Amino acid sequence: MGIFVSDSGGGKFTPHPTGLWQMVACDVIDKGVEDTPYGPKHKVIVVWESNEANDKGVRYTIRKKYTASLNEKAKLR
């Protein structure tokens, strides 16, 4: 499963270097039920922290929102 990071145009940041990196899932945020084009779905955000630091010495974090489902077709599974 790949995690893609994109700049939303809101701020200046240094993106994480490309390649394969060891990361630790450091947080799971329960967003509750949100409306989607497919109806209301329970959503969670998983946050990973890299062992790589930026030029200011702060470790990179990457986050991705998922539907809280362990169905065999779900991306979170």
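Which residue in S3 is the bridge partner of Glu49? The bridge partner of Glu49 in S3 is Thr61. The legends below present this pairing and its surroundings in a predicted model.

**View 1. Three strands form an open, antiparallel sheet**. The strands are arranged in the order S1-S2-S3. S1 and S3 stand at the edges with a single partner strand each, so one side of each has no neighbour in the sheet. On average, and with direction ignored, neighbouring strands of this sheet are turned by 20° against each other.

**View 2. S1 and S2 form a hairpin**. Two residues lie between these strands. Twelve bridges pair S1 with S2 in the antiparallel sense. Asp30 has Val44 in S2 as its bridge partner. Ala25 stands opposite Trp48, a residue of S2.

**View 3. S2 and S3 run antiparallel and are joined by eight bridges**. The hairpin of S2 and S3 has five residues between the strands. In this hairpin, Gly57 takes a positive phi near 85°. The bridge partner of Trp48 in S3 is Ile62, and that of Glu49 is Thr61.

**View 4. A salt bridge joins the side chains of Lys65 and Glu34**. The distance from N to O is 3.1 Å. This pair links distant parts of the chain, with Lys65 in strand S3 (residues 59-67) and Glu34 in strand S1 (residues 23-36), 31 residues apart. Side chains of opposite charge can pair when their charged atoms come close. Lys65 has a relative accessibility of 40% and therefore counts as partly exposed.

**View 5. The side chains of Glu49 and Arg59 meet in a salt bridge**. Here the N to O distance is 3.4 Å. Distant parts of the chain are linked by this pair: Glu49 lies in strand S2 (residues 39-53) and Arg59 in strand S3, ten residues apart. Glu49 is partly exposed, its relative accessible area being 30%. Arg59 is likewise partly exposed, at a relative accessible area of 47%. The count of salt bridges comes to two.

**View 6. Trp48 and Tyr66 form an edge-to-face aromatic pair**. A search of the whole structure finds one aromatic pair. The ring centres of Trp48 and Tyr66 are 6.4 Å apart, and the angle between the planes is 80°. Planes over 60 degrees apart count as edge-to-face, so the angle of 80° places the pair in that class. Trp48 belongs to strand S2 and Tyr66 to strand S3, so the pair ties together parts that are 18 residues apart in sequence.

**View 7. Trp48 and Tyr66, buried or exposed**? Trp48 is buried, with a relative accessible area of 17%. Tyr66 counts as buried at 3% relative accessibility. Both values are under 20%, so both residues fall in the buried class. Trp48 also takes part in strand pairing: Ala25 stands opposite Trp48 in S2, and Ile62 is the bridge partner of Trp48 in S3.

Terms used:
Residues are numbered from 1 along each chain as its sequence is written. This is a predicted model: local features need pLDDT of at least 70, side-chain atom pairs count only at pLDDT 80 or more; totals for chains, interfaces and linings use all residues. Side-chain values use heavy atoms; hydrogens and water are left out. A salt bridge is a side-chain nitrogen of Lys or Arg within 4 Å of a carboxyl oxygen of Asp or Glu. Helices (H or I, at least four residues) and strands (E, at least two) are DSSP runs, numbered from the N terminus. Buried means under 20% relative accessible area, exposed over 50%, partly exposed in between (1.4 Å probe, protein chains only). Two strands pair if DSSP finds at least two bridges between them. Axes are lines fitted to C-alpha atoms, for helices over the stretch in contact, and angles run from 0 to 180 degrees between N-to-C directions. Rings of Phe, Tyr and Trp (its six-membered ring) pair if their centres lie within 6.5 Å; planes under 30 degrees apart count as stacked, over 60 as edge-to-face and the rest as tilted.
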